[in-house]
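The tour goes from one selection to the next.

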Amino acid sequence: MEHATYDVVVIGAGPVGENVADRVVRGGLTAAVVERELVGGECSYWACMPTKALLRSANALRAARRLPGAREAVTGDLDAAAVLRRRDSFASNWTDDGQVSWLESAGIALYRGQGRISSERVVEVTGADGATTSVTARHAVVIATGSSALVPDVTGLREAAPWTSREAAAASEVPGRLAVIGGGVVAAEMATAFAGLGSVVTMLARDGVLPLAEPFAGERVTTSLREAGVSVRLGAEAASVNRDGDGTVRVTLTDGEQVEADELLVAIGRTPNTQDLGLDRIGLKPGAWLTVDDTLRVVGEDGAPVGDGGWLYAAGDVNRRVLLTHQGKYQARAVGDVIVARATGEAVDDGRWGRHVATADERAVPQVVFTDPEVASVGLTAAAAEAAGLRIRAVDYDLGAVAGAALHAEGYQGHARMVVDEDRRVIVGVTLVGPDVAELLHAATIAVVGEVPLDRLWHAVPAYPTVSEVWLRLLEAYGR
(Lines give C-alpha, C1' and ligand atoms only; values in the text may rest on other atoms or scores of the structure.)
Protein backbone atom coordinates (compact mmCIF):
# COMPACT_ATOMS: atom_id res chain seq x y z
CA MET A 1 0.00 0.00 0.00
CA GLU A 2 1.26 3.46 -0.89
CA HIS A 3 1.34 6.19 1.77
CA ALA A 4 1.17 10.00 1.52
CA THR A 5 0.71 12.85 3.98
CA TYR A 6 -0.86 16.29 3.54
CA ASP A 7 -2.06 18.99 5.89
CA VAL A 8 -5.66 18.58 4.73
CA VAL A 9 -7.47 15.73 2.93
CA VAL A 10 -10.81 16.47 1.26
CA ILE A 11 -13.13 13.63 0.28
CA GLY A 12 -15.14 14.87 -2.71
CA ALA A 13 -13.86 17.07 -5.53
CA GLY A 14 -17.05 18.91 -6.43
CA PRO A 15 -17.29 22.70 -6.17
CA VAL A 16 -17.28 22.52 -2.36
CA GLY A 17 -14.30 20.22 -2.06
CA GLU A 18 -12.36 22.18 -4.67
CA ASN A 19 -12.98 25.42 -2.79
CA VAL A 20 -11.93 23.96 0.56
CA ALA A 21 -8.68 22.66 -0.93
CA ASP A 22 -7.98 25.91 -2.76
CA ARG A 23 -8.57 27.94 0.39
CA VAL A 24 -6.19 25.91 2.54
CA VAL A 25 -3.49 25.97 -0.14
CA ARG A 26 -3.83 29.75 -0.40
CA GLY A 27 -3.41 29.79 3.37
CA GLY A 28 -0.06 28.04 3.12
CA LEU A 29 -1.07 24.43 3.79
CA THR A 30 -0.91 21.38 1.54
CA ALA A 31 -4.06 19.62 0.35
CA ALA A 32 -5.25 16.54 -1.49
CA VAL A 33 -8.72 15.74 -2.80
CA VAL A 34 -10.22 12.30 -3.30
CA GLU A 35 -12.84 11.81 -6.03
CA ARG A 36 -14.59 8.64 -7.16
CA GLU A 37 -16.35 10.20 -10.19
CA LEU A 38 -15.69 13.41 -12.14
CA VAL A 39 -13.71 16.30 -10.71
CA GLY A 40 -16.16 19.19 -10.66
CA GLY A 41 -19.01 17.25 -9.09
CA GLU A 42 -22.77 17.29 -9.45
CA CYS A 43 -23.12 20.98 -10.26
CA SER A 44 -20.75 20.88 -13.22
CA TYR A 45 -22.14 17.82 -14.97
CA TRP A 46 -25.66 17.02 -13.73
CA ALA A 47 -27.11 20.07 -12.01
CA CYS A 48 -26.41 23.83 -12.01
CA MET A 49 -24.77 24.39 -15.37
CA PRO A 50 -26.35 21.79 -17.70
CA THR A 51 -29.86 22.23 -16.32
CA LYS A 52 -29.75 26.00 -16.76
CA ALA A 53 -28.48 25.45 -20.29
CA LEU A 54 -31.57 23.31 -20.92
CA LEU A 55 -33.76 26.17 -19.69
CA ARG A 56 -32.09 29.20 -21.21
CA SER A 57 -32.93 28.85 -24.91
CA ALA A 58 -36.66 28.45 -24.35
CA ASN A 59 -36.57 31.39 -21.93
CA ALA A 60 -34.90 33.59 -24.55
CA LEU A 61 -37.51 32.54 -27.13
CA ARG A 62 -40.35 33.38 -24.75
CA ALA A 63 -38.76 36.75 -24.03
CA ALA A 64 -38.59 37.58 -27.74
CA ARG A 65 -42.21 36.60 -28.24
CA ARG A 66 -43.26 39.00 -25.48
CA LEU A 67 -41.90 42.03 -27.33
CA PRO A 68 -43.61 43.60 -30.37
CA GLY A 69 -41.09 43.81 -33.17
CA ALA A 70 -38.99 40.98 -31.85
CA ARG A 71 -42.08 38.76 -31.84
CA GLU A 72 -42.55 39.22 -35.57
CA ALA A 73 -38.94 38.23 -36.23
CA VAL A 74 -39.40 34.80 -34.65
CA THR A 75 -40.33 32.43 -37.43
CA GLY A 76 -39.59 28.99 -36.04
CA ASP A 77 -39.75 26.79 -32.99
CA LEU A 78 -37.00 25.81 -30.60
CA ASP A 79 -34.29 23.56 -32.04
CA ALA A 80 -34.15 20.88 -29.35
CA ALA A 81 -31.07 19.19 -30.80
CA ALA A 82 -29.16 22.48 -30.72
CA VAL A 83 -30.21 23.01 -27.10
CA LEU A 84 -28.91 19.56 -26.14
CA ARG A 85 -25.60 20.22 -27.93
CA ARG A 86 -25.20 23.48 -26.02
CA ARG A 87 -26.03 21.63 -22.80
CA ASP A 88 -23.31 19.08 -23.63
CA SER A 89 -20.75 21.85 -23.95
CA PHE A 90 -21.64 23.25 -20.53
CA ALA A 91 -21.18 19.77 -19.08
CA SER A 92 -17.78 19.57 -20.83
CA ASN A 93 -19.15 16.48 -22.58
CA TRP A 94 -18.85 14.75 -19.19
CA THR A 95 -15.06 14.84 -19.13
CA ASP A 96 -13.11 16.51 -16.35
CA ASP A 97 -9.80 17.31 -18.05
CA GLY A 98 -10.24 21.04 -17.50
CA GLN A 99 -11.03 20.64 -13.81
CA VAL A 100 -8.06 18.31 -13.30
CA SER A 101 -5.78 20.86 -14.96
CA TRP A 102 -7.09 23.50 -12.57
CA LEU A 103 -6.27 21.29 -9.56
CA GLU A 104 -2.74 20.86 -10.86
CA SER A 105 -2.30 24.60 -11.40
CA ALA A 106 -3.56 25.28 -7.87
CA GLY A 107 -1.09 22.82 -6.35
CA ILE A 108 -3.77 20.40 -5.14
CA ALA A 109 -3.10 16.64 -5.33
CA LEU A 110 -5.79 14.37 -6.77
CA TYR A 111 -6.48 10.78 -5.78
CA ARG A 112 -9.08 8.98 -7.86
CA GLY A 113 -11.17 6.32 -6.18
CA GLN A 114 -13.41 5.65 -3.21
CA GLY A 115 -12.18 7.34 -0.07
CA ARG A 116 -12.89 5.76 3.32
CA ILE A 117 -11.82 6.94 6.74
CA SER A 118 -9.84 4.09 8.32
CA SER A 119 -8.80 5.83 11.55
CA GLU A 120 -8.28 9.33 12.91
CA ARG A 121 -6.98 11.62 10.13
CA VAL A 122 -6.35 8.65 7.79
CA VAL A 123 -8.23 8.11 4.52
CA GLU A 124 -7.77 4.97 2.44
CA VAL A 125 -8.39 5.43 -1.28
CA THR A 126 -9.33 2.41 -3.37
CA GLY A 127 -8.80 2.98 -7.08
CA ALA A 128 -10.66 1.41 -9.99
CA ASP A 129 -7.89 -1.18 -10.27
CA GLY A 130 -8.29 -2.20 -6.63
CA ALA A 131 -5.01 -0.65 -5.53
CA THR A 132 -5.17 1.18 -2.20
CA THR A 133 -3.39 4.32 -1.08
CA SER A 134 -3.32 5.55 2.51
CA VAL A 135 -3.51 9.33 2.78
CA THR A 136 -2.94 10.94 6.19
CA ALA A 137 -4.00 14.46 7.16
CA ARG A 138 -1.85 16.38 9.63
CA HIS A 139 -4.66 18.76 10.55
CA ALA A 140 -8.07 17.97 9.06
CA VAL A 141 -10.21 15.69 6.93
CA VAL A 142 -13.15 17.36 5.18
CA ILE A 143 -16.15 15.41 3.89
CA ALA A 144 -17.62 17.16 0.86
CA THR A 145 -19.29 14.27 -0.94
CA GLY A 146 -22.62 15.98 -1.64
CA SER A 147 -25.96 14.26 -2.05
CA SER A 148 -27.90 12.09 -4.48
CA ALA A 149 -31.51 12.01 -5.57
CA LEU A 150 -33.88 10.30 -3.16
CA VAL A 151 -35.95 7.52 -4.73
CA PRO A 152 -38.91 6.64 -2.48
CA ASP A 153 -40.18 3.16 -1.68
CA VAL A 154 -43.05 3.15 -4.16
CA THR A 155 -44.06 -0.27 -5.47
CA GLY A 156 -42.31 -0.96 -8.78
CA LEU A 157 -40.58 2.42 -8.96
CA ARG A 158 -36.95 1.30 -8.93
CA GLU A 159 -37.68 -1.58 -11.31
CA ALA A 160 -39.16 0.94 -13.76
CA ALA A 161 -35.72 2.62 -14.10
CA PRO A 162 -36.92 6.18 -13.46
CA TRP A 163 -34.93 9.27 -14.24
CA THR A 164 -33.43 11.23 -11.37
CA SER A 165 -32.05 14.74 -11.75
CA ARG A 166 -28.92 13.22 -13.31
CA GLU A 167 -30.68 11.45 -16.15
CA ALA A 168 -32.86 14.49 -16.82
CA ALA A 169 -29.86 16.81 -16.97
CA ALA A 170 -27.95 14.47 -19.29
CA ALA A 171 -30.85 13.24 -21.49
CA SER A 172 -29.75 12.53 -25.05
CA GLU A 173 -33.31 12.77 -26.41
CA VAL A 174 -36.46 14.66 -25.54
CA PRO A 175 -39.19 12.19 -24.51
CA GLY A 176 -42.58 12.60 -26.14
CA ARG A 177 -44.25 12.27 -22.73
CA LEU A 178 -42.62 12.98 -19.39
CA ALA A 179 -44.17 12.41 -15.97
CA VAL A 180 -42.61 14.15 -12.97
CA ILE A 181 -43.07 13.05 -9.38
CA GLY A 182 -42.46 16.08 -7.17
CA GLY A 183 -43.22 19.76 -6.99
CA GLY A 184 -40.01 21.30 -5.65
CA VAL A 185 -37.27 23.22 -7.42
CA VAL A 186 -35.87 20.37 -9.55
CA ALA A 187 -39.34 19.16 -10.50
CA ALA A 188 -40.55 22.63 -11.45
CA GLU A 189 -37.41 23.50 -13.42
CA MET A 190 -37.32 20.23 -15.36
CA ALA A 191 -41.05 20.41 -16.09
CA THR A 192 -40.39 23.90 -17.48
CA ALA A 193 -37.36 22.75 -19.48
CA PHE A 194 -38.89 19.69 -21.11
CA ALA A 195 -42.19 21.39 -21.85
CA GLY A 196 -40.15 24.05 -23.66
CA LEU A 197 -38.29 21.34 -25.56
CA GLY A 198 -41.53 19.76 -26.76
CA SER A 199 -42.44 17.07 -24.21
CA VAL A 200 -45.99 16.58 -23.02
CA VAL A 201 -45.39 16.91 -19.29
CA THR A 202 -47.50 15.69 -16.37
CA MET A 203 -46.44 16.91 -12.94
CA LEU A 204 -47.56 14.95 -9.88
CA ALA A 205 -47.13 17.52 -7.10
CA ARG A 206 -48.45 15.92 -3.93
CA ASP A 207 -47.45 18.85 -1.70
CA GLY A 208 -47.99 21.58 -4.28
CA VAL A 209 -45.57 23.49 -6.48
CA LEU A 210 -42.64 25.14 -4.66
CA PRO A 211 -44.25 24.47 -1.28
CA LEU A 212 -41.42 26.09 0.71
CA ALA A 213 -41.65 29.42 -1.12
CA GLU A 214 -44.09 32.25 -0.53
CA PRO A 215 -47.54 30.95 -1.61
CA PHE A 216 -47.87 33.48 -4.44
CA ALA A 217 -44.66 32.14 -6.01
CA GLY A 218 -45.98 28.59 -6.32
CA GLU A 219 -49.33 29.85 -7.56
CA ARG A 220 -47.79 31.90 -10.36
CA VAL A 221 -45.46 29.12 -11.46
CA THR A 222 -48.35 26.64 -11.43
CA THR A 223 -50.43 28.94 -13.63
CA SER A 224 -47.54 29.44 -16.03
CA LEU A 225 -46.81 25.72 -16.28
CA ARG A 226 -50.43 25.03 -17.13
CA GLU A 227 -50.42 27.78 -19.75
CA ALA A 228 -47.38 26.06 -21.27
CA GLY A 229 -49.37 22.83 -21.56
CA VAL A 230 -48.10 21.06 -18.43
CA SER A 231 -50.73 19.01 -16.60
CA VAL A 232 -50.11 19.96 -12.97
CA ARG A 233 -51.85 17.52 -10.62
CA LEU A 234 -51.85 19.12 -7.17
CA GLY A 235 -52.19 16.58 -4.37
CA ALA A 236 -51.53 13.63 -6.69
CA GLU A 237 -49.52 10.78 -5.16
CA ALA A 238 -48.03 7.71 -6.83
CA ALA A 239 -49.08 4.35 -5.39
CA SER A 240 -47.24 2.10 -7.85
CA VAL A 241 -45.21 2.26 -11.06
CA ASN A 242 -44.77 -0.17 -13.93
CA ARG A 243 -42.78 -0.01 -17.17
CA ASP A 244 -44.22 -2.14 -19.99
CA GLY A 245 -42.21 -4.13 -22.47
CA ASP A 246 -42.57 -1.34 -25.03
CA GLY A 247 -41.01 1.14 -22.60
CA THR A 248 -44.22 2.91 -21.57
CA VAL A 249 -44.26 3.90 -17.91
CA ARG A 250 -47.58 3.67 -16.07
CA VAL A 251 -47.95 5.50 -12.78
CA THR A 252 -50.97 4.43 -10.75
CA LEU A 253 -52.11 7.16 -8.37
CA THR A 254 -53.58 6.58 -4.93
CA ASP A 255 -57.05 7.39 -6.31
CA GLY A 256 -56.69 4.69 -8.96
CA GLU A 257 -56.05 6.94 -11.96
CA GLN A 258 -53.20 5.99 -14.29
CA VAL A 259 -50.71 8.36 -15.90
CA GLU A 260 -48.76 7.13 -18.93
CA ALA A 261 -45.39 8.49 -20.03
CA ASP A 262 -42.29 7.57 -21.98
CA GLU A 263 -40.02 8.60 -19.10
CA LEU A 264 -40.59 9.25 -15.41
CA LEU A 265 -38.56 11.77 -13.41
CA VAL A 266 -38.43 11.42 -9.63
CA ALA A 267 -37.57 14.69 -7.91
CA ILE A 268 -38.74 14.62 -4.31
CA GLY A 269 -35.57 15.30 -2.35
CA ARG A 270 -31.97 14.30 -1.67
CA THR A 271 -30.05 11.75 0.38
CA PRO A 272 -26.47 12.24 1.67
CA ASN A 273 -23.53 10.52 -0.01
CA THR A 274 -22.15 9.13 3.25
CA GLN A 275 -22.91 5.43 2.83
CA ASP A 276 -19.37 4.20 2.08
CA LEU A 277 -17.01 6.59 3.83
CA GLY A 278 -15.95 4.48 6.82
CA LEU A 279 -17.99 6.61 9.20
CA ASP A 280 -18.74 3.58 11.39
CA ARG A 281 -15.03 3.38 12.21
CA ILE A 282 -15.20 6.71 14.02
CA GLY A 283 -18.55 6.26 15.74
CA LEU A 284 -20.83 7.82 13.11
CA LYS A 285 -23.72 6.29 11.18
CA PRO A 286 -23.11 5.51 7.49
CA GLY A 287 -25.76 6.96 5.18
CA ALA A 288 -26.77 9.68 7.64
CA TRP A 289 -26.57 13.44 7.34
CA LEU A 290 -23.62 14.88 9.27
CA THR A 291 -24.25 17.35 12.08
CA VAL A 292 -21.77 20.22 12.39
CA ASP A 293 -21.02 23.10 14.74
CA ASP A 294 -20.86 26.74 13.67
CA THR A 295 -17.36 26.27 12.21
CA LEU A 296 -18.53 23.18 10.27
CA ARG A 297 -16.71 20.62 12.44
CA VAL A 298 -18.59 17.32 12.62
CA VAL A 299 -20.09 16.74 16.05
CA GLY A 300 -21.53 13.68 17.73
CA GLU A 301 -24.83 13.26 19.52
CA ASP A 302 -23.35 15.00 22.56
CA GLY A 303 -22.54 18.08 20.49
CA ALA A 304 -18.79 17.66 20.93
CA PRO A 305 -16.43 17.61 17.93
CA VAL A 306 -15.69 14.13 16.61
CA GLY A 307 -12.19 12.81 17.16
CA ASP A 308 -9.21 14.05 19.11
CA GLY A 309 -8.91 17.79 18.51
CA GLY A 310 -11.94 18.00 16.25
CA TRP A 311 -10.19 17.05 13.01
CA LEU A 312 -13.28 16.12 10.95
CA TYR A 313 -15.31 18.71 9.01
CA ALA A 314 -18.29 18.48 6.65
CA ALA A 315 -19.18 21.10 4.05
CA GLY A 316 -21.91 21.30 1.44
CA ASP A 317 -24.96 19.09 1.09
CA VAL A 318 -23.75 16.40 3.51
CA ASN A 319 -24.35 18.64 6.56
CA ARG A 320 -27.92 19.40 5.42
CA ARG A 321 -27.70 23.08 6.37
CA VAL A 322 -28.53 24.34 2.87
CA LEU A 323 -28.52 22.14 -0.24
CA LEU A 324 -27.37 24.78 -2.72
CA THR A 325 -24.05 24.92 -4.54
CA HIS A 326 -23.36 28.57 -3.77
CA GLN A 327 -24.02 28.04 -0.07
CA GLY A 328 -21.77 24.99 -0.10
CA LYS A 329 -18.98 27.06 -1.62
CA TYR A 330 -19.63 29.73 1.00
CA GLN A 331 -19.22 27.07 3.68
CA ALA A 332 -16.05 25.87 1.95
CA ARG A 333 -14.45 29.28 2.26
CA ALA A 334 -15.24 29.36 5.97
CA VAL A 335 -13.98 25.79 6.48
CA GLY A 336 -10.75 26.38 4.60
CA ASP A 337 -10.03 29.55 6.52
CA VAL A 338 -10.80 28.09 9.96
CA ILE A 339 -8.62 25.02 9.30
CA VAL A 340 -5.73 27.33 8.41
CA ALA A 341 -6.41 29.44 11.51
CA ARG A 342 -6.40 26.44 13.83
CA ALA A 343 -3.33 24.93 12.15
CA THR A 344 -1.32 28.15 12.47
CA GLY A 345 -2.54 29.25 15.87
CA GLU A 346 -4.54 32.24 14.65
CA ALA A 347 -7.62 33.41 16.52
CA VAL A 348 -10.86 31.79 15.40
CA ASP A 349 -13.54 34.33 14.47
CA ASP A 350 -16.67 32.27 15.18
CA GLY A 351 -19.07 34.98 16.32
CA ARG A 352 -22.20 35.92 14.37
CA TRP A 353 -21.16 36.92 10.82
CA GLY A 354 -17.57 36.03 11.66
CA ARG A 355 -14.99 34.98 9.09
CA HIS A 356 -14.98 31.35 10.19
CA VAL A 357 -18.72 30.66 10.37
CA ALA A 358 -21.56 30.29 7.85
CA THR A 359 -24.13 32.60 9.45
CA ALA A 360 -25.93 33.22 6.17
CA ASP A 361 -27.04 29.58 6.09
CA GLU A 362 -29.65 30.43 8.71
CA ARG A 363 -30.39 34.08 8.00
CA ALA A 364 -29.78 35.04 4.38
CA VAL A 365 -29.85 32.19 1.86
CA PRO A 366 -30.37 33.43 -1.73
CA GLN A 367 -31.97 31.13 -4.28
CA VAL A 368 -33.27 31.40 -7.82
CA VAL A 369 -35.76 28.95 -9.31
CA PHE A 370 -35.30 29.19 -13.09
CA THR A 371 -38.90 28.51 -14.02
CA ASP A 372 -41.13 30.80 -16.08
CA PRO A 373 -41.59 33.12 -14.26
CA GLU A 374 -38.37 33.06 -12.28
CA VAL A 375 -38.58 32.99 -8.49
CA ALA A 376 -35.80 34.78 -6.63
CA SER A 377 -35.71 34.83 -2.85
CA VAL A 378 -33.43 35.51 0.08
CA GLY A 379 -33.88 35.17 3.81
CA LEU A 380 -37.17 34.24 5.43
CA THR A 381 -40.66 33.92 4.05
CA ALA A 382 -43.38 35.65 6.05
CA ALA A 383 -44.46 32.32 7.53
CA ALA A 384 -40.90 31.34 8.46
CA ALA A 385 -40.26 34.72 10.07
CA GLU A 386 -43.41 34.42 12.18
CA ALA A 387 -42.45 30.88 13.15
CA ALA A 388 -39.08 32.23 14.26
CA GLY A 389 -40.89 34.53 16.67
CA LEU A 390 -40.32 37.80 14.83
CA ARG A 391 -42.87 40.60 14.83
CA ILE A 392 -43.08 41.18 11.12
CA ARG A 393 -44.88 43.05 8.41
CA ALA A 394 -45.09 41.70 4.86
CA VAL A 395 -45.12 44.41 2.19
CA ASP A 396 -46.28 43.47 -1.32
CA TYR A 397 -46.11 45.24 -4.68
CA ASP A 398 -47.18 44.42 -8.21
CA LEU A 399 -43.89 44.11 -10.08
CA GLY A 400 -45.67 44.58 -13.38
CA ALA A 401 -46.69 48.11 -12.31
CA VAL A 402 -43.05 49.30 -12.32
CA ALA A 403 -42.12 51.35 -15.40
CA GLY A 404 -39.02 49.29 -16.09
CA ALA A 405 -41.08 46.11 -16.15
CA ALA A 406 -43.40 47.51 -18.80
CA LEU A 407 -40.35 48.25 -20.94
CA HIS A 408 -38.83 44.85 -20.27
CA ALA A 409 -41.78 42.89 -21.65
CA GLU A 410 -45.27 43.62 -22.89
CA GLY A 411 -47.80 42.42 -20.34
CA TYR A 412 -45.08 41.82 -17.74
CA GLN A 413 -46.54 40.01 -14.74
CA GLY A 414 -44.75 39.70 -11.43
CA HIS A 415 -44.92 40.20 -7.72
CA ALA A 416 -42.54 41.41 -5.00
CA ARG A 417 -42.64 40.97 -1.24
CA MET A 418 -40.34 42.20 1.49
CA VAL A 419 -40.62 40.91 5.04
CA VAL A 420 -39.71 43.51 7.65
CA ASP A 421 -38.66 42.86 11.24
CA GLU A 422 -40.74 45.60 12.86
CA ASP A 423 -38.69 45.72 16.05
CA ARG A 424 -35.40 46.40 14.23
CA ARG A 425 -36.87 47.97 11.08
CA VAL A 426 -34.70 45.84 8.82
CA ILE A 427 -35.59 43.46 6.00
CA VAL A 428 -35.32 39.77 6.87
CA GLY A 429 -36.70 38.32 3.65
CA VAL A 430 -37.47 39.18 0.02
CA THR A 431 -39.23 37.18 -2.69
CA LEU A 432 -39.47 38.32 -6.30
CA VAL A 433 -41.47 36.54 -9.01
CA GLY A 434 -41.35 37.55 -12.67
CA PRO A 435 -39.32 37.37 -15.88
CA ASP A 436 -35.58 37.82 -15.26
CA VAL A 437 -35.88 38.70 -11.56
CA ALA A 438 -32.74 36.64 -10.84
CA GLU A 439 -30.58 39.69 -11.50
CA LEU A 440 -32.49 41.69 -8.88
CA LEU A 441 -31.66 39.24 -6.11
CA HIS A 442 -28.22 40.34 -5.03
CA ALA A 443 -29.43 43.79 -4.03
CA ALA A 444 -31.95 42.08 -1.77
CA THR A 445 -29.25 39.78 -0.39
CA ILE A 446 -27.05 42.76 0.51
CA ALA A 447 -29.98 44.46 2.26
CA VAL A 448 -30.69 41.35 4.32
CA VAL A 449 -27.08 40.42 5.12
CA GLY A 450 -26.13 44.02 5.85
CA GLU A 451 -29.25 44.52 7.98
CA VAL A 452 -29.61 47.92 6.32
CA PRO A 453 -32.14 50.05 8.25
CA LEU A 454 -35.18 51.03 6.22
CA ASP A 455 -34.44 54.70 6.93
CA ARG A 456 -31.09 54.31 5.15
CA LEU A 457 -32.58 52.32 2.26
CA TRP A 458 -34.62 55.40 1.33
CA HIS A 459 -31.32 56.92 0.22
CA ALA A 460 -30.54 54.00 -2.13
CA VAL A 461 -32.20 55.56 -5.17
CA PRO A 462 -33.00 53.10 -7.99
CA ALA A 463 -32.19 54.21 -11.54
CA TYR A 464 -35.16 54.99 -13.76
CA PRO A 465 -36.60 53.27 -15.73
CA THR A 466 -35.43 49.91 -14.36
CA VAL A 467 -37.24 47.03 -12.73
CA SER A 468 -35.19 47.83 -9.62
CA GLU A 469 -37.55 50.73 -9.04
CA VAL A 470 -39.61 48.15 -7.16
CA TRP A 471 -37.39 48.90 -4.15
CA LEU A 472 -38.75 52.45 -4.00
CA ARG A 473 -42.31 51.22 -4.46
CA LEU A 474 -41.91 48.70 -1.63
CA LEU A 475 -40.58 51.41 0.69
CA GLU A 476 -43.44 53.70 -0.27
CA ALA A 477 -45.90 50.90 0.47
CA TYR A 478 -44.30 50.43 3.85
CA GLY A 479 -44.31 54.17 4.65
CA ARG A 480 -41.71 56.40 6.28
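Is Gln-331 buried or exposed? Select Gln-331: its relative accessibility is 0%, so Gln-331 counts as buried (buried means under 20% relative accessible area, exposed over 50%, partly exposed in between, with a 1.4 Å probe and protein chains only).

This is a predicted model, in which local features need pLDDT of at least 70 and side-chain atom pairs count only at pLDDT 80 or more, while totals for chains, interfaces and linings use all residues. Residues are numbered from 1 along each chain as its sequence is written, and side-chain values use heavy atoms, with hydrogens and water left out.

**Around Gln-331**

Gln-331 is found in helix H10 (helices, H or I of at least four residues, and strands, E of at least two, are DSSP runs numbered from the N terminus). Leaving aside neighbours within four places in sequence, show the residues in contact with Gln-331, including Leu-296, Asn-319, Arg-321 and Asp-361 (contact means heavy atoms within 4.5 Å).

**The largest nonpolar core**

Next, select Ile-117, Leu-312 and Ile-339, which touch the most other members of the 53 residues in the largest nonpolar core. Such a core is a set of buried Ala, Val, Leu, Ile, Met, Phe, Trp, Tyr and Cys residues joined through side-chain atoms within 4.5 Å. Helix H10 (325–344) is one of the elements that give two or more residues to this core, as is strand S1 (2–11). Apart from this core lies another, of 34 residues, among them Ala-193 and Leu-197. In soluble globular proteins, nonpolar side chains tend to be buried together.

**Helices H3 and H8**

Select helix H3 (residues 48–65) and helix H8 (residues 185–197): they pack at an angle of about 55 degrees, with their axes 9 Å apart. Axes are lines fitted to C-alpha atoms, for helices over the stretch in contact, and angles run from 0 to 180 degrees between N-to-C directions. H3 and H8 are therefore oblique to each other (under 35 degrees counts as roughly parallel, over 145 as roughly antiparallel, 65 to 115 as roughly perpendicular and the rest as oblique).

**Arg-270**

Last, select Arg-270 in strand S15 (residues 270–272). Arg-270 is partly exposed, with a relative accessible area of 25%.
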